[in-house]
Amino acid sequence: MSASSELDDAAPAQSPRRSSRWLQRFVLVTLGPILAALVVSGIVLLLFGVDPLEYYGYVVRRGLLSSLGLQQTATRMAPLLFLAAGLIVAFRAGLWNLGVDGQFLLGAVAAAALAPSLVDILPGWAMLVAGFCVAALVGALWSVVPALLRAYQGVNEIITTLMMTFLGVSLANVLVKLVFLDPTTTVPQTRTLPVPDRMPRLFDTTISSGMIWGILAVLAVHLMMTRTAFGLRLRTVGANPHAAAHAGLNVPLLTVAVFAISAGFAGLAGASEVLGVTGNIQADWNPAYGLMVIPLVFLARFHGVGSIILIFLYSTLLIGAESAARRVGVPQDFTLVLVSSLLILLALAEWLDARRSWTES
Amino acid sequence: MTLPAQTASDMSEAVGLHTVTKRFPGVLAVDGVSLTVRTGEVHVLLGENGAGKSTIVGMLAGLQEPDDGHISVAGTGSRLDSPSASLDAGIATVFQHVMLVPTLTVFENLVLGAPWWRRPHRAQIERRIAELSRDFGLKVQLDAMTGDLSLGEQQQIEIARALLRDARVLILDEATSMLTPSGADELGAQMRRLAERGLAVIFITHKLGEAYRFGDRISVLQQGRMVGDIAPDALARMDEDAAIEEMVRLMFGGSDTSASLYRDRPAPTAAPLLSVERLGTEGGAEMMALKDLSFDLRPGEILGIAGIDGNGQKQLAEALSGQRSATAGRVMFDGADVTRLSVGQRRKLGLRYLTDDRLSEGTIGIFPIAENTVLKDIGAAPFWSGGIERPARIGAHAREVIRHYSVRAPSEFTPIGHLSGGNIQKVLLARELTGEARAVIFNKPTYGLDTRNIAASRRRIREIADKGLAVLLISTELDELIELADRIAVMASGRIRGTVVNDAGAGDLRLRLGRLMVDEGKMADTTGDAA
Amino acid sequence: MEALLTAAFLSSLLTGAIVAGIPLLLAGLGEQMSEKAGVLNIGIEGMMLAGAYLGFLTAWTSSSIWLGFLGGIAGGILVAALMALLCVVLRLNQIVIGIALTLGVEGMTALLHHFQFSRTYPRLPAPDRVDLPFLTDIPVLGPSLFGRHPLVYLALISVLVLAFLYRRTNLGLTLRAAGEKPAALDVAGGHVIAIRSAAVLFTGGMAGLGGAYMANIGAGLFIPYMTGGAGFIGIVLAMLARGRPLWVLAGALIFGAALSLTTALQVAGSNIPTDVIQMLPFAAVMLVLVIWGRRARLPAALGVGYERGAR
């Protein structure tokens with residue numbers, strides 16, 4: 001059940017003379033499914049009596065072409081990017097970390113609990129750094145049990161990370177409601193980090209600088225996985241653990257490392273949301289970004305730049321759809337239909353592509 | 001058994017191939033082959049790897065359908081488009097790789113494939129198995145867990161299953177490759193009895209002696225085409241040597257490639273490079289434990305490890321390479337105790353291991369050749385600098401490997417999984433010899449290769465030893481060991497049963513080795529490590 | 001603490017264990033068959049939700065709760081058919097498709113509900129119960145155990161039926177062969193694709209029925225996303241039960257009790273936060289995995305598509 005095996009054949013090692021073939025493939029396995037998914041989802045809209053062109057047009061105008069919308073889109077990208085960075089590491093190493101939502105929430109809670117109490121002690125930047133570090137640490141800690149079980153007992157990580165996510169969501173709620181509750185307000189929430197102490201915004205906009213850090217994180221992870229010895233070790237473990245052990249790699253240790261890195265990034269994602277945008281956590285807050293980023297990372301075939309582009313498009317869709325829910329009367333849930341059809345059509349396109357190359361050769 | 005009694009003169013067709021052609025991407029696997037298998041005959045199919053035998057078996061078993069031509073069963077055209085269609089037509093297959101579910105009991109495997117709602121009739125099956133055991137000497141324990149049985153025992157279950165279904169054609173695909181010589185003889189006797197009862201048996205083998213002794217008729221395939229046929233009356237007139245000579249002529253077009261490379265040379269006398277002292281490892285349900293293993297290996301020497309597959313050879317190789325931890329004894333390399341060192345540390349010292357599992361352990365099929373050539377040196381100079389990959393260096397190294405070892409590949413970017421077994425083997429050998437190699441463990445280095453690559457691989461192993469490297473050669477092919485090794489140790493049940501000096505001149509060497517292989521432990525101490 | 005052990009508390013706990021446990025039981029039994037056959041059915045959450053929606057809709061329009069259950073089964077099978085086509089026949093990645101189907105059903109049912117009912121959540125009339133004579137009169141146990149909807153008893157009977165089929169007919173070994181070594185089943189004359197597809201469809205039907213139970217009996221209404229991870233718990237139950245239906249039943253009741261403990265505690269007037277209680281079953285599963293993890297053996301070919309003749 002290796003996550004990376006079927007995608008590494010798309011590794012960027014093609015010779016230039018095949019570029020026209022490459023273009024064909026790109027249309028077949030990337031552009032085609034996206035267009036087809038828009039069409040299929042458009043048909044769904046039609047069935048509900050909504051003009052798809054009007055809807056898509058509105059989403060694009062609102063999420064991409066308006067200044068406010070674009071700023072919201074960019075801000076929304078930050079946590080998704082950090083999550084994507086963590087998922088790229090895990091998936092390329094063949095591990096299904098489906099527990100990012102729990103890691104995300106606990107990282108966020110850690111940052112939300114720590115940062116306001118450090119405001120008066122540390123300079124602003126040091127407080128933020130401390131918040132991010134603790135969030136990463138807490139996120140990583142939340143993956144330790146699944147990591148050890150997988151590395152040394154061979155327990156399937158899908159089941160354990162899912163369990164830990166359910167557990168983590170509840171634990172985060174308990175922490176928010178009982179331990180880190182802000183006594184000064186009646187709303188059940190953590191203490192609020194004052195706006196001036198949050199992460200700086202970009203220039204004169206409302207865009208959180210978390211987006212920049214998120215993009216850097218994804219690019220760094222991409223380079224690490226494709227260009228370094230450590231990345232090749234992880235990919236080797238992901239593609240074939242037997243071969244990795246034969247080649248002298250310490251598979252259990254690398255497995256634990258992958259979990260720690262992946263969950264650490266999920267924790268960072270939580271911190272970036274709290275320290276950059278919300279400033280606190282309200283009771284029962286769970287945006288469940290993780291389950292949405294997983295398909296996007298798949299769609300990008302674990303490629304860093306591809307993930308960034310897709311997250312940008314998806315954020316646009318989210319911001320546009322939030323507004324469209326009020327204006328056009330289509331609930332946000334529609335984005336799920338779009339992502340779902342995109343995933344299925346992408347998988348189908350890859351199947352067609354594999355069959356085509358089979359019959360050609 | 002309810003088979004109709006048939007006389008030997010009844011030569012009606014059991015199954016026939018009529019100008020059958022089968023293509024796979026890039027390969028013409030079977031090219032216009034016609035073949036008639038008659039009831040009451042053991043029909044031997046001979047041919048090298050890739051000659052098309054397995055494809056023919058696949059088509060008869062319903063796994064593949066011919067692109068051209070057709071198959072007839074008992075004289076009428078039949079479409080075998082699924083294994084169940086093939087079974088319904090009375091064709092049962094015992095595949096080269098056991099096709100039983102290891103986690104089911106023998107009884108459950110015997111009834112597998114029946115409609116799901118039905119309850120298995122235990123008493124009826126017990127009765128018929130008892131009959132089969134009596135008539136054919138089959139050994140079947142109904143309540144054993146299939147995965148606990150040896151490969152030979154599992155094969156008996158597959159034959160029993162075929163007979164339970166009243167098969168009229170029985171295909172045995174390389175059925176003797178995993179058996180001891182006496183086990184193979186027993187299977188041969190069973191085949192003869194089945195044929196006498198009127199079954200048609202298709203027997204696929206690499207071993208020409210068995211083909212002569214067990215077969216009535218011999219057909220030879222070469223590169224997907226039928227190149228020759230020895231009819232029963234012709235075969236009956238030949239003695240074994242003449243028949244084998246004829247088979248070799250048909251298989252290889254007259255060229256004699258089986259000439260031994262063996263030559264006399266002085267036994268190496270240098271101090272041992274690799275010493276194994278009373279080595280032991282932990283065993284498990286599907287893993288044989290090693291017990292009390294000791295031997296020395298000198299530079300320039302080839303020490304052969306003989307034995308039937310699955311008697312601890314792989315565990316030995318893994319324990320030496322560092323992949324498997326030792327629970328007793330120690331491994332000395334160049335005077336230092338390396339028992340606790342990791343795979344990577346032993347590799348750096350010059351102790352190398354070329355695995356027998358080229359596809360799932362040795363390589364990563366979807367990675368390009370280039371990355372596979374450096375898979376055991378990740379992070380090391382000159383291919384990495386400060387942990388950063390240097391693709392140009394890796395590429396140049398891979399091109400050098402491809403050129404020097406004549407790997408047939410489009411480029412260093414080709415995924416290694418696209419190469420043939422022989423070419424993958426060349427890449428793996430290159431990888432093990434990169435840097436300061438001092439001792440190489442070969443585990444079944446020629447398994448699954450065709451004749452040309454087998455000869456080339458053996459020549460390379462000899463060259464490596466001649467250069468002064470120590471070679472541990474694990475093989476199940478006695479010919480290979482006799483051709484290459486200076487001494488041959490025999491493993492059985494996780495122990496070394498004895499070691500003999502390879503005096504190829506002496507005719508009884510093969511016999512002595514064979515006895516050690518099947519021995520249950522009586523001779524172990526008397527022969528010992530005297531050599 | 002003494003107040004906790006009142007009759008009212010125990011009764012509501014038992015009732016809760018059954019009401020919350022039956023959907024988990026149905027999902028777990030369904031998933032168990034898929035996993036036996038080698039299909040990791042992550043789409044089961046979507047199948048439950050589809051069952052909940054279609055089950056509710058049918059019951060609401062037809063005013064028959066039994067037709068509602070049939071609708072739920074149909075809803076689950078509909079999603080399962082897509083899963084069987086994509087993952088078993090075409091061999092697409094089971095995890096990707098499973099997640100995709102779950103997301104898609106979540107979105108579609110929310111949209112359908114929105115366009116039909118807008119912000120309202122119409123309620124079904126209370127279901128009829130079967131009061132087993134005498135038994136219902138037992139204090140505490142009686143009303144919780146024996147005053148339930150007939151479907152509860154059907155679900156319990158299905159545990160025994162499945163246990164019998166797995167043990168006594170060829171079904172069990174055919175499924176196990178499909179999950180352990182599909183090639184061996186194929187050459188023995190079995191039909192790997194058919195048996196795996198049938199197992200996935202069965203999973204869909206059971207999950208759909210479980211979802212319909214949640215909507216029609218448990219809640220009496222449909223709310224988008226109402227299954228809330230019940231399908232995932234079903235996956236865990238199936239993995240831990242290792243092929244034994246009775247273990248799924250035990251696990252489902254324990255999970256059901258833990259999930260409903262909050263209501264029971266409220267009845268008893270305790271103020272332990274609900275989130276703490278909701279952690280209990282998941283913490284228990286993790287504990288079990290830490291202690292017995294090595295033995296939680298999964299079928300060898302789980303998650304791997306079968307293609308005849310592929311080497």
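In which helix is Tyr153(C) found? I looked it up and found Tyr153(C) in helix α6 (residues 150-168) of chain C.

**Ground rules**

I am working from a predicted model, in which local features need pLDDT of at least 70, side-chain atom pairs count only at pLDDT 80 or more, and totals for chains, interfaces and linings use all residues. Residues are numbered from 1 along each chain as its sequence is written, while chains are lettered from A and ligands numbered from 1 in the order in which they are written. Helices (H or I, at least four residues) and strands (E, at least two) are DSSP runs, numbered from the N terminus.

**Entry: Tyr153(C)**

I checked burial next. A residue is buried with 20 or more other C-beta atoms within 10 Å of its own, exposed with 12 or fewer, and partly exposed in between, with C-beta atoms placed from the backbone. Tyr153(C) counts as partly exposed because it has 13 C-beta neighbours inside 10 Å. I also looked at Thr61(C), which is 92 residues from Tyr153(C) along the chain. Their C-alpha atoms are separated by 25 Å.

**Entry: helix α2 of chain C**

I took the span of α2(C), residues 44-62. The expected span of a helix is 1.5 Å times one less than its number of residues. Ser63(C) follows α2(C) and has a positive phi, near 60°.

**Entry: helix α4 of chain A**

I ran the span check on α4(A), residues 100-118. Its 19 residues should span 27 Å, and its end C-alpha atoms are 26 Å apart, which agrees. This helix is mostly covered, with 17 of its 19 residues buried.

Two packed helices are described by the angle between their axes and the distance between the axes. Axes here are lines fitted to C-alpha atoms, for helices over the stretch in contact, and angles run from 0 to 180 degrees between N-to-C directions. Angles under 35 degrees count as roughly parallel, over 145 as roughly antiparallel, 65 to 115 as roughly perpendicular and the rest as oblique. A crossing is left-handed if the near helix is turned anticlockwise from the far one by less than a right angle, and right-handed if clockwise. Residues are in contact if their C-beta atoms, placed from the backbone, lie within 7 Å. Ala, Val, Leu, Ile, Met, Phe, Trp, Tyr, Cys and Pro count as nonpolar, Asp, Glu, Lys and Arg as charged, and the others, Gly among them, as polar.

I started with α11(A), residues 251-278. The axes of α6(A), residues 144-153, and α11(A) come within 9 Å and cross at roughly 160°. That makes the two helices roughly antiparallel. The crossing is right-handed. On the α6(A) side, the contact residues include Pro146(A), Leu148(A) and Tyr152(A). On the α11(A) side they include Pro252(A), Val256(A) and Phe259(A). By class I note nine nonpolar, one polar and one charged residue in this contact.

Then I turned to α7(A). Its axis and that of α6(A) come within 9 Å and cross at roughly 165°. The pair is therefore roughly antiparallel. This crossing, too, is right-handed. Val145(A), Pro146(A), Leu149(A) and Arg150(A) of α6(A) meet Glu157(A), Thr160(A), Thr161(A) and Met164(A) of α7(A). That contact divides into four nonpolar, two polar and two charged residues.

**Entry: chain A with chain C**

How many residues does the contact take from each of chains A and C? I noted 38 from chain A and 41 from chain C. On the chain A side, α6, α7 (157-179), α12 (289-299) and α14 (334-360) give two or more residues. The largest share comes from α7(A), with 13 residues. That side has 27 nonpolar, eight polar and three charged residues.

**Entry: chain B**

I counted 19 helices and 22 strands in chain B. Buried residues make up 47% of its 531 residues. Chain B puts 25 residues in contact with 20 residues of chain C. Of its elements, α2(B) gives the most to that side, with three residues.

Asp173(B) is buried, with 22 other C-beta atoms within 10 Å. Lys53(B) is 120 residues from Asp173(B) in sequence and 8.6 Å away, C-alpha to C-alpha.

Notes:
Two residues are in contact if their C-beta atoms, placed from the backbone, lie within 7 Å.
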